[in-house]
Amino acid sequence: MDQDDAQDYSFRTRAVQPIHNMDLLEKSLLFAELAKVSYHNPETAERILRGVGITDFEFFDEDGAQAYHFENEHDSVIVCRGTEPDDINDVKADVNVVAVAAETVGRVHGGFKSECDHLWPMIEHAIRSTRKPMWFAGHSLGGAMATICAGRCFLSHIDAMPEGLFTYGSPRVGDKQYINFCDINHVRWVHNNDIVTRLPPRWLGYVHAGKEMYIDRHGRLRKIVGTARAMDRLKGFGTGLLQLRIDQLSDHSIDEYVKALDGICQRRHAKPERA
């Protein structure tokens with residue numbers, strides 16, 4: 001991904017305005033692109049961000065857990081990096097599905113909590129004095145970490161409260177008691193067959209948080225559940241096989257989330273999305 005440049009991101013025309021001025025879809029695309037940037041090393045991320053006018057950022061890295069703090073004159077954003085398959089600490093965090101007692105109430109995924117424990121002291125120090133609107137985002141493991149960090153920000157002594165949390169392909173993070181404890185505006189994007197959004201399994205007590213936004217197999221924003229969603233996923237899987245790909249894995253890519261959201265944003269100016 002280090003071949004990306006600022007011109008590959010649509011946020012180059014939006015990153016200088018207050019996030020509150022954007023509508024839900026514009027915010028969603030912005031944070032998806034920032035989640036994509038979080039997979040880059042600091043040097044590449046700096047090149048991309050300077051190309052869109054963001055010159056104030058920090059990189060946090062502790063025992064493989066990574067996040068960025070982006071800031072401009074209007075907003076402050078924490079973006080947690082998702083799973084890197086070749087990072088053993090990421091893999092260990094993903095597979096450690098044992099639920100442990102949360103620092104608040106209920107129980108939370110032990111692996112995700114451990115990753116946040118590595119980073120939170122640095123993140124807390126970076127944002128404790130900000131008076132700007134505070135936002136959190138992340139993809140995959142990064143979405144789970146962003147969820148936990150946003151909750152810690154909400155409950156901490158930090159003056160700035162989370163204005164919003166945007167996650168993409170996020171796994172389930174904790175039990176019902178845990179995810180209902182903090183009243184955070186959480187927008188949770190799910191792309192068709194993305195297998196990670198169905199992990200850890202519900203029978204282990206894990207539930208999802210936030211308002212779900214579902215992208216169908218054609219890249220459209222849809223409100224479908226039950227049989228209709230099952231059929232959409234089945235057809236998406238079949239199409240993937242014809243294209244020699246495993247839909248459950250390819251749909252998890254942050255590139256696919258960005259591509260779908262960019263298409264949704266562009267089409268809504270031309271005609272409404274069909275249900």
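Is Cys116 buried or exposed? Cys116 has a relative accessibility of 0% and therefore counts as buried, where buried means under 20% relative accessible area, exposed over 50% and partly exposed in between (1.4 Å probe, protein chains only).

The model is predicted: local features need pLDDT of at least 70, side-chain atom pairs count only at pLDDT 80 or more, and totals for chains, interfaces and linings use all residues. Residues are numbered from 1 along each chain as its sequence is written, and side-chain values use heavy atoms, with hydrogens and water left out.

1. Cysteines. Zero disulfides are found in a search of the whole structure; a disulfide is a pair of cysteine sulfur atoms within 2.5 Å. The closest cysteine sulfur to that of Cys116 belongs to Cys149, at 3.9 Å, which is too far for a bond. For Cys182, the closest cysteine sulfur is in Cys153, at 9.9 Å, again too far for a bond. Cys182 is also buried, at 17% relative accessibility.

2. Ser38. This residue is placed in the loop between α1 (24-37) and α2 (42-50). Helices (H or I, at least four residues) and strands (E, at least two) are DSSP runs, numbered from the N terminus. With 1% relative accessibility, Ser38 counts as buried. Its side chain reaches the backbone oxygen of Ala35 at 2.5 Å. Apart from neighbours within four places in sequence, Ser38 is in contact (heavy atoms within 4.5 Å) with Tyr68, Val79, Cys80 and Arg81.

3. Backbone features. The peptide bond between Leu199 and Pro200 is cis, with omega near -20°, and Pro200 is in the loop between β8 (186-191) and β9 (211-215). Asp63 is not a glycine, yet has a positive phi of about 55°; Asp63 is in the loop between β1 (56-62) and β2 (65-71) and is partly exposed, at 43%. Leu244, also a residue other than glycine, has a positive phi near 60°. Leu244 lies in the loop between α7 and α8 and is exposed, at 81% relative accessibility.

4. Second largest pocket. On a 1 Å grid over the protein atoms alone, a pocket is an open set of points where a 1.4 Å probe fits, with protein on both sides within 12 Å along at least five of seven lines; lining residues have an atom within 4 Å of a point. The second largest pocket holds about 300 Å³ of space. It is lined by 16 residues, and those closest to its centre are His191, Arg217, His218, Gly219 and Glu256. α9 gives the most to this lining, with five residues.

How values were computed
Grid points are joined across faces, edges and corners, and a volume is the space filled by probe spheres set on the points. A polar contact is a pair of N or O atoms within 3.5 Å; within protein, one must be able to donate a hydrogen and the other to accept it, and residues adjacent in sequence count only if both atoms are side-chain atoms.
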